[in-house]
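Please keep the sequence and the model at hand.

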Amino acid sequence: MDSPGPPRPTEPRPRRRDRHGRGMRGPVAPPQVPLSATRADTFRDLVQDSVERLERRWPQLAEVDFLVLEVPAPQDDSVPLGSSAPATRERHARVVVYRRPVELRAKSRDERALLVHEVVVEQVADLLGLAPESVDPRYGQD
């Protein structure tokens, strides 16, 4: 006998193929290949590599906050690539690298890595009150 009311919903079957018979689509690239990393992630990795390189020589940099921001706050006519601020009672010393201005000035990946390292070295030198060459002896030679 038929039961009164709407029919019971059946559980959905797992789809094994799409409507064209080619199978389900997977990710474009697996997560371990560089294609899946965003430009911001790649840039952050460049900054981190540069910081780690400098921390081996200058252990006091462990107390410094290194940040990556997209763009600097509007200023006069110049666009800085980075900035630094000394420590205060409320916060640690800080070095900021601006991603978009650095990316616009570098034409290749290698050039971008070199420019990121130069910006980090210059800002650390400004923070420590030293010349960039004394912070990293290879500054300006690469």
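**Overall fold**

The protein has four helices and three strands; helices (H or I, at least four residues) and strands (E, at least two) are DSSP runs, numbered from the N terminus. Along the sequence, their pattern is α-β-β-β-α-α-α. This is a predicted model, where local features need pLDDT of at least 70 and side-chain atom pairs count only at pLDDT 80 or more, while totals for chains, interfaces and linings use all residues. Residues are numbered from 1 along each chain as its sequence is written, and side-chain values use heavy atoms, with hydrogens and water left out.

**Surface and contacts**

- Of the 142 residues in the protein, 27% are buried. Buried means under 20% relative accessible area, exposed over 50%, and partly exposed in between (1.4 Å probe, protein chains only).
- The accessible surface is about 10,900 Å². Carbon and sulfur atoms hold 51% of that surface. Accessible areas come from the Shrake-Rupley method with a 1.4 Å probe; for residues, only the protein chains shown count as cover.
- Among contacts with a separation of 6 or more, 59% join residues 24 or more positions apart. Contact means heavy atoms within 4.5 Å.

**The sheet and its helices**

- Three strands form an open sheet in the order β1-β3-β2, with mixed pairing. Strands pair if DSSP finds at least two bridges between them.
- β1 (65-69) and β2 (82-85) are the edge strands, each pairing on one side only. From one strand to the next, the twist averages 15 degrees.
- β2 pairs with β3 (residues 94-98) in the antiparallel sense, over four bridges. Within this pair, G82 stands opposite V97 in β3.
- α1 packs on the sheet and touches β1 and β3. Its direction makes about 155 degrees with that of β1. Axes are lines fitted to C-alpha atoms, for helices over the stretch in contact, and angles run from 0 to 180 degrees between N-to-C directions.
- Helix α3 (residues 109-128) also packs on the sheet, touching β1, β2 and β3. The direction of α3 makes about 25 degrees with that of β2.

**Two residues beside helices**

- T38 lies in the segment before α1 (39-57). With 41% relative accessibility, T38 counts as partly exposed. The T38 side chain reaches the backbone nitrogen of D41 at 3.1 Å.
- D136 lies in the segment after α4 (132-135). D136 is buried, at 7% relative accessible area. Leaving out residues up to four places away in sequence, D136 touches R53, L54, H117 and V121.

Methods
Polar contact = N/O pair within 3.5 Å; in protein donor to acceptor, adjacent residues only side chain to side chain.
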